[in-house]
Amino acid sequence: MWFNISTNVFDHHHHYMFFLYIVLFVVFVVVDADDPHNHLTFSVTYGNISPLGVNQQVILINGLFPGPDIHAVTNDNLLINVFNHLPEPFLITWNGVQQRKNSWQDGVYGTNCPIPPGRNFTYTLQVKDQIGSFFYFPSLGFHKAAGGFGGFRIVSRPGIPVPFPEPASDYTLLIGDWYWYDHQHLRNILDRGRILAPPAGILMNGYGPNGPTFRVEQGKTYRFRISNVGLQNSLNIRIQGHTMKLVEVEGTHTVPTTYSSLDVHVGQSYSVLVTADQPASDYYIAVSTRFTTPVLSTTAILSYRNSAGLASGPIPNAPTNEIEYSLNQARSIRTNITANGPRPNPQGSYHYGNISVTRTIRLANSAASINGRQRYGINSVSFVQGDTPLKLADHFNIAGVFRLANIPDNPTGARMHLDTSVMEAEFRSFVEIVFENNEDFIQSWHLDGYNFFVVGMEGGIWTPGSRVNYNRQDAISRSTVQVRSFDI
(Lines give C-alpha, C1' and ligand atoms only; values in the text may rest on other atoms or scores of the structure.)
Protein backbone atom coordinates (compact mmCIF):
# COMPACT_ATOMS: atom_id res chain seq x y z
CA MET A 1 0.00 0.00 0.00
CA TRP A 2 1.13 3.61 -0.56
CA PHE A 3 -0.02 6.95 0.66
CA ASN A 4 0.72 10.37 -0.74
CA ILE A 5 1.65 13.40 1.33
CA SER A 6 0.80 16.98 0.44
CA THR A 7 0.31 20.22 2.36
CA ASN A 8 -2.63 22.51 2.99
CA VAL A 9 -2.57 26.06 4.31
CA PHE A 10 -3.12 25.04 7.89
CA ASP A 11 -2.37 26.62 11.21
CA HIS A 12 0.80 28.62 11.79
CA HIS A 13 3.02 29.93 14.53
CA HIS A 14 6.16 28.32 16.07
CA HIS A 15 8.66 25.45 15.17
CA TYR A 16 8.32 22.17 17.04
CA MET A 17 8.06 18.48 16.51
CA PHE A 18 5.78 15.62 17.46
CA PHE A 19 6.39 11.89 17.53
CA LEU A 20 3.56 9.74 16.28
CA TYR A 21 2.79 6.07 16.00
CA ILE A 22 0.49 4.99 13.22
CA VAL A 23 -0.66 1.58 12.14
CA LEU A 24 -0.96 1.42 8.36
CA PHE A 25 -3.42 -1.28 7.54
CA VAL A 26 -6.19 -2.14 5.13
CA VAL A 27 -9.51 -3.54 6.32
CA PHE A 28 -12.27 -4.71 4.03
CA VAL A 29 -15.44 -2.67 4.47
CA VAL A 30 -18.32 -5.10 4.78
CA VAL A 31 -21.76 -3.60 4.27
CA ASP A 32 -24.18 -5.42 6.53
CA ALA A 33 -27.81 -5.59 5.48
CA ASP A 34 -28.76 -4.47 9.00
CA ASP A 35 -26.81 -1.21 8.73
CA PRO A 36 -29.09 1.61 7.57
CA HIS A 37 -28.51 3.60 4.39
CA ASN A 38 -28.87 7.37 4.70
CA HIS A 39 -29.29 9.36 1.48
CA LEU A 40 -28.22 13.02 1.52
CA THR A 41 -28.14 15.62 -1.25
CA PHE A 42 -25.71 18.56 -1.22
CA SER A 43 -26.31 21.41 -3.65
CA VAL A 44 -23.16 23.57 -3.88
CA THR A 45 -23.71 27.18 -4.93
CA TYR A 46 -22.32 30.67 -4.46
CA GLY A 47 -24.16 33.18 -2.30
CA ASN A 48 -23.56 36.62 -0.82
CA ILE A 49 -23.48 37.27 2.92
CA SER A 50 -21.78 39.73 5.29
CA PRO A 51 -20.45 37.74 8.27
CA LEU A 52 -18.06 40.55 9.30
CA GLY A 53 -20.07 43.46 7.94
CA VAL A 54 -18.58 43.31 4.43
CA ASN A 55 -20.62 41.76 1.63
CA GLN A 56 -18.74 38.88 0.04
CA GLN A 57 -19.18 35.75 -2.04
CA VAL A 58 -19.25 32.48 -0.08
CA ILE A 59 -19.89 28.81 -0.84
CA LEU A 60 -23.27 27.53 0.36
CA ILE A 61 -24.36 23.93 0.87
CA ASN A 62 -28.12 23.63 0.34
CA GLY A 63 -28.30 27.40 0.67
CA LEU A 64 -26.67 27.33 4.11
CA PHE A 65 -23.45 28.82 5.52
CA PRO A 66 -22.05 26.81 7.21
CA GLY A 67 -23.49 23.74 5.52
CA PRO A 68 -25.90 21.31 7.19
CA ASP A 69 -24.71 18.97 9.93
CA ILE A 70 -24.29 15.33 8.96
CA HIS A 71 -25.67 13.03 11.67
CA ALA A 72 -24.77 9.34 11.54
CA VAL A 73 -24.72 6.27 13.78
CA THR A 74 -21.81 3.83 13.95
CA ASN A 75 -21.75 1.57 10.85
CA ASP A 76 -24.29 3.66 8.93
CA ASN A 77 -23.91 3.75 5.15
CA LEU A 78 -24.00 7.32 3.86
CA LEU A 79 -24.74 8.15 0.23
CA ILE A 80 -24.07 11.86 -0.24
CA ASN A 81 -24.92 13.13 -3.73
CA VAL A 82 -23.02 16.38 -4.34
CA PHE A 83 -24.21 18.64 -7.16
CA ASN A 84 -21.59 21.18 -8.20
CA HIS A 85 -23.22 24.43 -9.36
CA LEU A 86 -19.96 26.40 -9.13
CA PRO A 87 -18.16 27.49 -12.32
CA GLU A 88 -15.08 25.46 -11.33
CA PRO A 89 -14.29 21.89 -10.19
CA PHE A 90 -15.18 20.98 -6.60
CA LEU A 91 -14.52 18.22 -4.03
CA ILE A 92 -15.53 17.69 -0.39
CA THR A 93 -13.37 15.82 2.11
CA TRP A 94 -14.56 14.34 5.41
CA ASN A 95 -12.03 15.58 7.97
CA GLY A 96 -11.19 12.87 10.52
CA VAL A 97 -13.59 10.22 9.19
CA GLN A 98 -11.61 7.04 8.68
CA GLN A 99 -11.61 5.49 5.21
CA ARG A 100 -10.83 1.81 5.68
CA LYS A 101 -10.10 0.52 2.18
CA ASN A 102 -12.46 3.25 1.08
CA SER A 103 -10.11 6.06 0.09
CA TRP A 104 -11.94 6.33 -3.22
CA GLN A 105 -14.45 8.40 -1.25
CA ASP A 106 -11.91 10.60 0.53
CA GLY A 107 -12.67 13.73 -1.46
CA VAL A 108 -9.12 14.89 -2.15
CA TYR A 109 -7.45 15.17 -5.54
CA GLY A 110 -5.16 12.22 -4.97
CA THR A 111 -8.09 9.81 -4.76
CA ASN A 112 -11.05 11.50 -6.47
CA CYS A 113 -11.61 13.13 -9.81
CA PRO A 114 -12.89 16.68 -9.25
CA ILE A 115 -16.63 17.14 -9.80
CA PRO A 116 -16.90 19.28 -12.96
CA PRO A 117 -19.15 22.35 -13.07
CA GLY A 118 -22.75 21.36 -13.62
CA ARG A 119 -22.16 17.70 -12.70
CA ASN A 120 -22.63 15.57 -9.60
CA PHE A 121 -20.90 12.75 -7.73
CA THR A 122 -22.25 10.44 -5.03
CA TYR A 123 -19.91 9.73 -2.12
CA THR A 124 -20.54 6.30 -0.58
CA LEU A 125 -19.19 6.14 2.98
CA GLN A 126 -19.60 3.53 5.68
CA VAL A 127 -18.66 4.91 9.08
CA LYS A 128 -17.55 1.45 10.13
CA ASP A 129 -16.64 1.08 13.82
CA GLN A 130 -16.42 4.85 14.32
CA ILE A 131 -17.80 7.43 16.69
CA GLY A 132 -16.97 11.07 17.29
CA SER A 133 -16.91 14.71 16.23
CA PHE A 134 -15.65 15.73 12.80
CA PHE A 135 -16.36 18.17 9.98
CA TYR A 136 -16.33 18.33 6.20
CA PHE A 137 -14.84 20.99 3.94
CA PRO A 138 -13.95 21.60 0.26
CA SER A 139 -10.45 20.46 -0.65
CA LEU A 140 -9.73 22.15 -4.00
CA GLY A 141 -8.88 25.64 -5.20
CA PHE A 142 -8.73 27.28 -1.76
CA HIS A 143 -12.54 26.85 -1.56
CA LYS A 144 -12.28 26.35 2.20
CA ALA A 145 -11.58 30.08 2.49
CA ALA A 146 -15.08 30.68 1.08
CA GLY A 147 -17.02 28.21 3.23
CA GLY A 148 -18.53 24.93 2.08
CA PHE A 149 -17.85 23.37 5.49
CA GLY A 150 -20.14 21.81 8.08
CA GLY A 151 -20.26 19.52 11.11
CA PHE A 152 -20.14 15.72 10.92
CA ARG A 153 -21.02 13.65 13.98
CA ILE A 154 -21.12 9.89 14.46
CA VAL A 155 -22.96 8.68 17.58
CA SER A 156 -22.78 5.28 19.24
CA ARG A 157 -25.21 2.52 18.43
CA PRO A 158 -28.02 1.97 20.98
CA GLY A 159 -26.86 -0.30 23.78
CA ILE A 160 -23.17 0.62 23.51
CA PRO A 161 -22.27 2.38 26.79
CA VAL A 162 -20.83 5.89 26.54
CA PRO A 163 -18.55 7.04 29.42
CA PHE A 164 -20.72 10.02 30.43
CA PRO A 165 -24.44 10.68 30.93
CA GLU A 166 -26.59 11.60 27.94
CA PRO A 167 -26.45 15.40 27.57
CA ALA A 168 -29.59 17.51 27.48
CA SER A 169 -28.65 18.69 23.99
CA ASP A 170 -25.79 18.35 21.54
CA TYR A 171 -24.46 21.46 19.77
CA THR A 172 -22.06 21.89 16.84
CA LEU A 173 -19.72 24.89 17.16
CA LEU A 174 -17.57 25.64 14.11
CA ILE A 175 -14.91 28.27 14.81
CA GLY A 176 -12.35 29.69 12.41
CA ASP A 177 -10.49 32.73 11.20
CA TRP A 178 -12.06 34.60 8.28
CA TYR A 179 -10.98 37.01 5.56
CA TRP A 180 -12.90 39.83 3.89
CA TYR A 181 -11.55 38.66 0.53
CA ASP A 182 -12.97 35.79 -1.52
CA HIS A 183 -11.04 32.60 -2.15
CA GLN A 184 -9.98 33.61 -5.67
CA HIS A 185 -8.31 36.76 -4.33
CA LEU A 186 -6.52 34.81 -1.58
CA ARG A 187 -5.40 32.19 -4.07
CA ASN A 188 -4.03 34.90 -6.33
CA ILE A 189 -1.99 36.32 -3.44
CA LEU A 190 -0.21 32.98 -3.05
CA ASP A 191 0.17 32.58 -6.81
CA ARG A 192 1.97 35.95 -6.90
CA GLY A 193 4.52 34.63 -4.40
CA ARG A 194 3.19 36.45 -1.33
CA ILE A 195 2.00 35.06 1.99
CA LEU A 196 -1.43 35.78 3.41
CA ALA A 197 -1.92 38.76 5.70
CA PRO A 198 -3.63 38.23 9.06
CA PRO A 199 -7.37 37.46 8.83
CA ALA A 200 -10.07 40.08 9.38
CA GLY A 201 -11.79 38.29 12.26
CA ILE A 202 -13.21 35.07 13.66
CA LEU A 203 -16.51 33.39 12.88
CA MET A 204 -18.58 31.06 15.04
CA ASN A 205 -21.10 29.02 13.04
CA GLY A 206 -20.81 31.58 10.29
CA TYR A 207 -21.50 34.63 12.47
CA GLY A 208 -19.37 37.49 13.69
CA PRO A 209 -19.52 38.99 17.22
CA ASN A 210 -22.50 37.94 19.38
CA GLY A 211 -24.01 36.05 16.47
CA PRO A 212 -24.97 32.52 17.56
CA THR A 213 -26.91 31.87 20.77
CA PHE A 214 -26.97 28.48 22.54
CA ARG A 215 -29.98 27.85 24.81
CA VAL A 216 -29.47 25.99 28.09
CA GLU A 217 -31.51 25.15 31.16
CA GLN A 218 -30.19 25.52 34.68
CA GLY A 219 -28.80 22.31 36.16
CA LYS A 220 -28.50 20.45 32.85
CA THR A 221 -25.37 19.43 30.96
CA TYR A 222 -24.77 20.07 27.26
CA ARG A 223 -22.33 18.69 24.71
CA PHE A 224 -20.46 21.09 22.42
CA ARG A 225 -18.66 19.62 19.40
CA ILE A 226 -16.02 22.26 18.60
CA SER A 227 -14.05 22.24 15.32
CA ASN A 228 -11.52 24.75 14.03
CA VAL A 229 -12.50 25.12 10.36
CA GLY A 230 -10.27 28.15 9.69
CA LEU A 231 -7.22 28.61 7.50
CA GLN A 232 -4.23 29.41 9.69
CA ASN A 233 -4.88 30.53 13.27
CA SER A 234 -4.92 28.45 16.42
CA LEU A 235 -7.92 29.49 18.52
CA ASN A 236 -8.73 29.43 22.22
CA ILE A 237 -12.29 29.04 23.53
CA ARG A 238 -13.67 30.00 26.96
CA ILE A 239 -17.19 30.22 28.45
CA GLN A 240 -17.80 32.99 30.95
CA GLY A 241 -18.36 31.58 34.46
CA HIS A 242 -18.28 27.96 33.26
CA THR A 243 -15.77 25.17 32.73
CA MET A 244 -15.53 22.60 29.94
CA LYS A 245 -15.02 18.88 30.51
CA LEU A 246 -13.23 17.29 27.56
CA VAL A 247 -14.69 13.85 26.75
CA GLU A 248 -13.83 13.08 23.12
CA VAL A 249 -11.24 14.03 20.50
CA GLU A 250 -11.74 13.12 16.83
CA GLY A 251 -13.35 9.78 17.55
CA THR A 252 -11.52 8.84 20.77
CA HIS A 253 -13.04 9.06 24.25
CA THR A 254 -10.65 10.92 26.52
CA VAL A 255 -9.87 10.78 30.21
CA PRO A 256 -12.42 13.38 31.43
CA THR A 257 -10.44 16.55 32.10
CA THR A 258 -11.81 19.96 33.02
CA TYR A 259 -10.46 23.14 31.40
CA SER A 260 -11.28 26.80 31.85
CA SER A 261 -10.03 27.43 28.31
CA LEU A 262 -9.17 25.11 25.45
CA ASP A 263 -6.81 25.54 22.50
CA VAL A 264 -8.23 24.21 19.23
CA HIS A 265 -5.76 24.22 16.35
CA VAL A 266 -6.69 24.27 12.68
CA GLY A 267 -8.38 21.05 11.59
CA GLN A 268 -8.94 19.75 15.13
CA SER A 269 -12.25 18.70 16.71
CA TYR A 270 -13.14 18.35 20.40
CA SER A 271 -16.24 17.39 22.38
CA VAL A 272 -16.75 19.10 25.74
CA LEU A 273 -19.50 18.91 28.35
CA VAL A 274 -20.73 22.18 29.84
CA THR A 275 -23.01 22.18 32.89
CA ALA A 276 -25.38 25.12 33.29
CA ASP A 277 -24.56 25.60 36.98
CA GLN A 278 -24.61 29.41 37.20
CA PRO A 279 -27.43 31.87 37.98
CA ALA A 280 -29.92 32.11 35.10
CA SER A 281 -28.52 34.81 32.82
CA ASP A 282 -26.64 35.19 29.54
CA TYR A 283 -22.91 34.47 29.38
CA TYR A 284 -20.23 35.08 26.78
CA ILE A 285 -18.63 32.28 24.81
CA ALA A 286 -15.31 33.82 23.78
CA VAL A 287 -12.91 32.71 21.04
CA SER A 288 -9.52 34.36 20.45
CA THR A 289 -6.53 33.81 18.21
CA ARG A 290 -3.44 32.32 19.85
CA PHE A 291 0.17 33.45 19.32
CA THR A 292 -0.79 36.48 17.19
CA THR A 293 -0.28 40.22 17.37
CA PRO A 294 -2.82 41.70 17.56
CA VAL A 295 -5.15 39.15 19.17
CA LEU A 296 -8.49 38.79 17.38
CA SER A 297 -11.54 37.87 19.47
CA THR A 298 -15.24 37.24 19.00
CA THR A 299 -18.16 36.11 21.14
CA ALA A 300 -21.30 34.01 21.11
CA ILE A 301 -23.93 33.75 23.82
CA LEU A 302 -24.79 30.98 26.27
CA SER A 303 -28.35 31.89 27.24
CA TYR A 304 -30.18 30.33 30.20
CA ARG A 305 -33.90 29.73 30.08
CA ASN A 306 -35.63 32.55 32.01
CA SER A 307 -32.41 34.57 31.76
CA ALA A 308 -32.33 37.52 34.12
CA GLY A 309 -30.23 39.69 31.80
CA LEU A 310 -27.86 40.11 28.91
CA ALA A 311 -24.24 39.02 29.03
CA SER A 312 -22.15 41.69 30.72
CA GLY A 313 -18.74 42.40 32.12
CA PRO A 314 -15.41 41.68 30.45
CA ILE A 315 -15.19 38.58 28.26
CA PRO A 316 -13.09 35.81 29.83
CA ASN A 317 -9.37 36.46 29.55
CA ALA A 318 -7.47 34.51 26.93
CA PRO A 319 -4.22 32.72 27.79
CA THR A 320 -1.03 34.64 27.15
CA ASN A 321 1.27 33.96 24.22
CA GLU A 322 3.28 31.51 26.35
CA ILE A 323 3.32 28.37 24.24
CA GLU A 324 4.19 26.06 27.15
CA TYR A 325 0.64 26.50 28.45
CA SER A 326 -0.69 25.17 25.16
CA LEU A 327 1.85 22.36 25.04
CA ASN A 328 1.12 21.19 28.58
CA GLN A 329 -2.58 21.22 27.82
CA ALA A 330 -1.99 19.05 24.74
CA ARG A 331 0.05 16.60 26.82
CA SER A 332 -2.82 16.32 29.31
CA ILE A 333 -5.22 14.95 26.65
CA ARG A 334 -5.16 11.17 27.00
CA THR A 335 -7.23 8.21 25.84
CA ASN A 336 -9.81 6.82 28.27
CA ILE A 337 -8.61 3.22 28.03
CA THR A 338 -11.40 1.89 30.28
CA ALA A 339 -14.19 3.32 28.12
CA ASN A 340 -15.88 1.66 25.18
CA GLY A 341 -15.26 2.92 21.69
CA PRO A 342 -17.73 2.10 18.92
CA ARG A 343 -17.82 -1.53 20.12
CA PRO A 344 -18.50 -2.85 23.64
CA ASN A 345 -14.87 -3.34 24.62
CA PRO A 346 -12.39 -1.01 26.33
CA GLN A 347 -10.42 1.31 24.08
CA GLY A 348 -7.26 0.16 25.85
CA SER A 349 -7.68 -3.41 24.60
CA TYR A 350 -5.39 -2.51 21.70
CA HIS A 351 -1.90 -2.07 23.13
CA TYR A 352 -0.11 0.05 20.54
CA GLY A 353 2.88 0.53 22.83
CA ASN A 354 3.83 -3.16 22.69
CA ILE A 355 4.27 -3.36 18.92
CA SER A 356 7.73 -2.92 17.40
CA VAL A 357 8.22 -0.05 14.98
CA THR A 358 9.22 -1.28 11.51
CA ARG A 359 10.02 2.11 9.98
CA THR A 360 10.68 5.68 11.10
CA ILE A 361 9.71 8.59 8.86
CA ARG A 362 10.73 12.18 9.63
CA LEU A 363 8.68 14.81 7.86
CA ALA A 364 9.78 18.44 7.90
CA ASN A 365 7.74 21.27 6.40
CA SER A 366 9.20 24.21 4.50
CA ALA A 367 8.06 27.21 2.46
CA ALA A 368 9.55 28.88 -0.60
CA SER A 369 8.72 30.82 -3.73
CA ILE A 370 8.87 28.53 -6.78
CA ASN A 371 8.36 30.00 -10.23
CA GLY A 372 7.06 33.15 -8.57
CA ARG A 373 4.40 31.33 -6.53
CA GLN A 374 4.26 30.78 -2.79
CA ARG A 375 4.56 27.03 -2.19
CA TYR A 376 4.79 24.72 0.82
CA GLY A 377 6.67 21.44 0.93
CA ILE A 378 7.57 18.34 2.91
CA ASN A 379 11.17 17.09 2.93
CA SER A 380 11.93 19.64 0.19
CA VAL A 381 9.13 18.39 -2.10
CA SER A 382 6.11 20.56 -2.90
CA PHE A 383 3.19 18.50 -4.18
CA VAL A 384 1.77 19.12 -7.65
CA GLN A 385 -1.22 17.34 -9.08
CA GLY A 386 -0.66 14.64 -11.66
CA ASP A 387 -2.67 14.36 -14.85
CA THR A 388 -4.71 11.57 -13.23
CA PRO A 389 -5.77 11.18 -9.58
CA LEU A 390 -3.15 9.00 -7.92
CA LYS A 391 -5.53 6.30 -6.73
CA LEU A 392 -6.88 5.84 -10.25
CA ALA A 393 -3.38 5.76 -11.74
CA ASP A 394 -2.38 3.12 -9.20
CA HIS A 395 -5.53 1.03 -9.68
CA PHE A 396 -5.36 1.02 -13.48
CA ASN A 397 -1.54 0.87 -13.60
CA ILE A 398 -1.26 4.08 -15.62
CA ALA A 399 2.42 4.87 -16.15
CA GLY A 400 4.01 8.29 -15.90
CA VAL A 401 1.61 9.85 -13.39
CA PHE A 402 3.82 9.43 -10.33
CA ARG A 403 6.93 7.67 -9.07
CA LEU A 404 6.99 5.75 -5.79
CA ALA A 405 9.39 6.96 -3.10
CA ASN A 406 10.06 10.30 -4.78
CA ILE A 407 9.82 11.90 -1.35
CA PRO A 408 12.54 10.83 1.11
CA ASP A 409 11.93 9.38 4.57
CA ASN A 410 14.07 12.11 6.15
CA PRO A 411 14.69 15.82 5.57
CA THR A 412 17.52 16.41 3.10
CA GLY A 413 18.02 20.16 3.42
CA ALA A 414 17.88 20.37 -0.36
CA ARG A 415 16.27 23.25 -2.20
CA MET A 416 12.50 22.87 -2.43
CA HIS A 417 11.18 21.55 -5.75
CA LEU A 418 7.91 20.48 -7.34
CA ASP A 419 6.88 16.85 -7.75
CA THR A 420 3.86 14.58 -7.46
CA SER A 421 5.12 13.30 -4.13
CA VAL A 422 4.17 9.72 -3.24
CA MET A 423 5.49 7.69 -0.32
CA GLU A 424 5.00 3.93 -0.30
CA ALA A 425 4.31 1.82 2.79
CA GLU A 426 3.99 -1.89 3.46
CA PHE A 427 0.72 -3.63 4.23
CA ARG A 428 0.13 -3.91 8.00
CA SER A 429 3.35 -2.07 8.80
CA PHE A 430 3.73 -0.19 12.10
CA VAL A 431 5.26 3.21 11.40
CA GLU A 432 6.68 5.93 13.61
CA ILE A 433 6.28 9.41 12.11
CA VAL A 434 8.16 12.43 13.41
CA PHE A 435 6.69 15.78 12.39
CA GLU A 436 9.20 18.62 12.43
CA ASN A 437 8.20 22.26 11.97
CA ASN A 438 10.86 24.50 10.43
CA GLU A 439 8.63 27.56 10.13
CA ASP A 440 8.16 30.27 12.73
CA PHE A 441 4.48 29.53 13.34
CA ILE A 442 2.38 26.57 14.45
CA GLN A 443 1.51 24.01 11.79
CA SER A 444 -1.32 21.48 11.80
CA TRP A 445 -0.55 18.05 10.35
CA HIS A 446 -3.45 15.85 9.27
CA LEU A 447 -3.42 12.25 8.05
CA ASP A 448 -6.47 11.94 5.83
CA GLY A 449 -8.58 8.84 6.41
CA TYR A 450 -6.50 7.47 9.31
CA ASN A 451 -5.75 8.10 12.98
CA PHE A 452 -2.41 8.06 14.78
CA PHE A 453 -1.23 7.92 18.40
CA VAL A 454 0.44 11.14 19.59
CA VAL A 455 3.10 9.51 21.78
CA GLY A 456 5.43 12.43 22.36
CA MET A 457 5.91 16.16 21.97
CA GLU A 458 9.16 17.83 22.86
CA GLY A 459 11.39 20.72 21.81
CA GLY A 460 14.67 20.52 19.98
CA ILE A 461 15.74 17.98 17.39
CA TRP A 462 14.35 14.43 17.52
CA THR A 463 16.80 11.57 18.05
CA PRO A 464 16.20 7.86 18.74
CA GLY A 465 16.85 8.69 22.38
CA SER A 466 13.65 10.78 22.39
CA ARG A 467 11.68 7.52 22.55
CA VAL A 468 12.36 7.12 26.27
CA ASN A 469 9.77 9.85 26.93
CA TYR A 470 7.02 8.34 24.75
CA ASN A 471 3.59 7.67 26.24
CA ARG A 472 3.10 3.98 25.44
CA GLN A 473 0.02 3.53 27.63
CA ASP A 474 -2.79 6.01 26.89
CA ALA A 475 -1.67 8.43 24.18
CA ILE A 476 -4.54 10.11 22.38
CA SER A 477 -5.51 8.67 19.01
CA ARG A 478 -6.53 11.40 16.56
CA SER A 479 -6.16 12.57 12.94
CA THR A 480 -4.81 16.14 13.34
CA VAL A 481 -2.02 17.41 15.56
CA GLN A 482 -0.45 20.83 16.06
CA VAL A 483 3.32 21.12 15.72
CA ARG A 484 5.12 24.10 17.16
CA SER A 485 8.46 25.35 15.99
CA PHE A 486 11.63 23.53 16.82
CA ASP A 487 13.59 26.39 18.31
CA ILE A 488 11.21 27.50 21.07
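Biologist: Is Glu432 buried or exposed?

Modeller: A residue is called buried under 20% relative accessible area, exposed over 50%, and partly exposed in between, with a 1.4 Å probe and protein chains only. Glu432 has 0% relative accessibility and so counts as buried. Please keep in mind that this is a predicted model, in which local features need pLDDT of at least 70 and side-chain atom pairs count only at pLDDT 80 or more, whereas totals for chains, interfaces and linings use all residues. Residues are numbered from 1 along each chain as its sequence is written, and side-chain values use heavy atoms, with hydrogens and water left out.

Biologist: With which residue does Glu432 form a salt bridge?

Modeller: As a general idea, side chains of opposite charge can pair when their charged atoms come close. The rule used here asks for a side-chain nitrogen of Lys or Arg within 4 Å of a carboxyl oxygen of Asp or Glu. Glu432 meets it with Arg467, where the closest N and O atoms are 2.8 Å apart. Glu432 belongs to strand 27 (residues 430-437) and Arg467 to the loop between strand 29 (452-458) and strand 30 (477-478), so this pair ties together parts that are 35 residues apart in sequence. Helices (H or I, at least four residues) and strands (E, at least two) are DSSP runs, numbered from the N terminus. Arg467, at 27% relative accessibility, counts as partly exposed.

Biologist: How many salt bridges does this rule count?

Modeller: The count comes to 18 salt bridges. One of the pairs is Arg359 with Asp409, at 2.8 Å from N to O. Arg359 is in strand 22 (residues 359-370) and Asp409 in the loop between helix 3 (390-395) and strand 25, so the two tie together parts that are 50 residues apart in sequence. Arg359 is partly exposed, with a relative accessible area of 23%, and Asp409 is also partly exposed, at 23% relative accessibility.

Biologist: Which residues are linked in a network of salt bridges?

Modeller: Asp69, Arg153, Asp170 and Arg225 are linked in such a network. Within it, the side chains of Arg153 and Asp69 meet at 3.6 Å, N to O. Arg153 lies in strand 10 (residues 150-155), while Asp69 lies in the loop between strand 4 (56-61) and strand 5 (70-73), so the pair joins parts that are 84 residues apart in sequence. Arg153 is buried, with a relative accessible area of 7%, whereas Asp69 counts as partly exposed at 32% relative accessibility.

Biologist: How should I read a strand, and how many residues of strand 15 are buried?

Modeller: In strand 15 (residues 235-239), five of the five residues are buried. Leu235, Ile237 and Ile239 point one way, and Asn236 and Arg238 point the other way. Two strands pair if DSSP finds at least two bridges between them. Strand 15 runs antiparallel to strand 20 (residues 282-289), with five bridges joining them, and Arg238 stands opposite Ala286 in strand 20. Strand 15 is also antiparallel to strand 18 (residues 261-264), with four bridges, and there Ile237 stands opposite Leu262.

Biologist: Into which domains is the protein divided?

Modeller: Domain bounds come from an automatic or database domain assignment, and here they give domain 1 (37-155), domain 2 (169-332) and domain 3 (352-483). The C-alpha centres of domain 2 and domain 3 lie 28 Å apart.

Biologist: How many residues of domain 2 are in contact with domain 3?

Modeller: Contact means heavy atoms within 4.5 Å, and 22 residues of domain 2 are in contact with 17 residues of domain 3. Buried area is the accessible area (1.4 Å probe) that two parts lose on being put together, summed over both. For domain 2 and domain 3 this area is about 1500 Å², and carbon and sulfur atoms give 50% of it. The rule finds two salt bridges across this interface.

Biologist: Where is Asp419, and which residues does Asp419 touch?

Modeller: Asp419 is in strand 25 (residues 417-419), and Asp419 is buried, with a relative accessible area of 17%. Leaving out residues up to four places away in sequence, Asp419 touches Val381, Ser382, Phe383, Val384, Arg403 and Asn406.
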